[in-house]
Amino acid sequence: MRLDKLLAHCGYGSRKDVKDIIKKGYVTVNGQIVKKDKTHVDPNKDIVKVDDEVLVYEEFVYYMLNKPAGYVSATEDNVYPTVIEIIDDYYRNDLFPVGRLDVDTEGLLLLTNDGQLAHQLLSPKKHCPKIYYAKIKGEVNESDVQAFKDGIA
């Protein structure tokens, strides 16, 4: 992996920002100062440091979030705050919610950058069971029960 990509992926700034950090000599690889952003490193083998801080590389990240009402299950929205904004230490730009909960819905939501896992959980062909709890005002009759069983669109 290119050094600038690794640093950007680990939250040290945009590609442009990290190129500047590298050129100024703040980055070492295996104890040697590196000033070329195109240098290739193995994040699992090489010891990369920024200002003597060891870089910790995580290819995939997973957050379990108890989504509160008032937030949308999206990465960006012009009207409502997103679930991404809830995470205090969020620095990655590749995180996304797995599935959707309505803006007024509360509950468990998985956030990740692991597209393969998301597909395994969301694809109807994979038959991953999901359980929902609905709080209903009023009385529920047999036709309401059947509508829930059939799937409400």
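The legends below accompany close-up views of a predicted model. Residues are numbered from 1 along each chain as its sequence is written, and side-chain values use heavy atoms, with hydrogens and water left out. Because the model is predicted, local features need pLDDT of at least 70 and side-chain atom pairs count only at pLDDT 80 or more, whereas totals for chains, interfaces and linings use all residues.

View 1. Helices (H or I, at least four residues) and strands (E, at least two) are DSSP runs, numbered from the N terminus.

**View 2. Salt bridges around Arg-2 and Asp-4.** Five salt bridges are found in a search of the whole structure, each being a side-chain nitrogen of Lys or Arg within 4 Å of a carboxyl oxygen of Asp or Glu. The side chains of Arg-2 and Asp-4 meet in one of them at 2.8 Å, N to O; Asp-4 is buried, with a relative accessible area of 0%, while Arg-2 is partly exposed at 26%. Arg-2 also meets Asp-37 in a salt bridge (3.9 Å, N to O). Arg-2 lies in the segment before α1 and Asp-37 in the loop between β2 (32-33) and β3, so this pair ties together parts that are 35 residues apart in sequence. Asp-37 itself counts as buried, at 9% relative accessibility. Arg-15, partly exposed at 39% relative accessibility, forms a salt bridge with Asp-4, the closest N and O atoms being 3.9 Å apart. Since Arg-15 lies in helix α2 and Asp-4 in helix α1, the pair ties together parts that are 11 residues apart in sequence. Arg-2, Asp-4, Arg-15, Lys-19 and Asp-37 are linked in a network of salt bridges.

**View 3. Ser-73 in the loop between β5 (62-67) and β6 (96-98).** Ser-73 is buried, with a relative accessible area of 1%, and its side chain reaches the backbone nitrogen of Leu-101 at 3.0 Å. Not counting residues up to four places away in sequence, Ser-73 touches Lys-67, Val-83, Pro-97, Gly-99, Arg-100, Leu-101 and Leu-109.

**View 4. A nonpolar surface patch including Val-140.** Ile-136, Val-140, Val-145 and Phe-148 form this patch, with about 330 Å² of accessible area together. Patches are made of residues with over 30% relative accessible area and no salt bridge, like charges being joined within 9 Å and nonpolar side chains (Val, Leu, Ile, Met, Phe, Trp, Tyr) within 5 Å; accessible areas come from the Shrake-Rupley method with a 1.4 Å probe, and for residues only the protein chains shown count as cover. Val-140, in the loop between α3 (115-122) and α4 (142-150), counts as partly exposed at 43% relative accessibility.

Conventions:
Buried means under 20% relative accessible area, exposed over 50%, partly exposed in between (1.4 Å probe, protein chains only). A polar contact is a pair of N or O atoms within 3.5 Å; within protein, one must be able to donate a hydrogen and the other to accept it, and residues adjacent in sequence count only if both atoms are side-chain atoms. Contact means heavy atoms within 4.5 Å.
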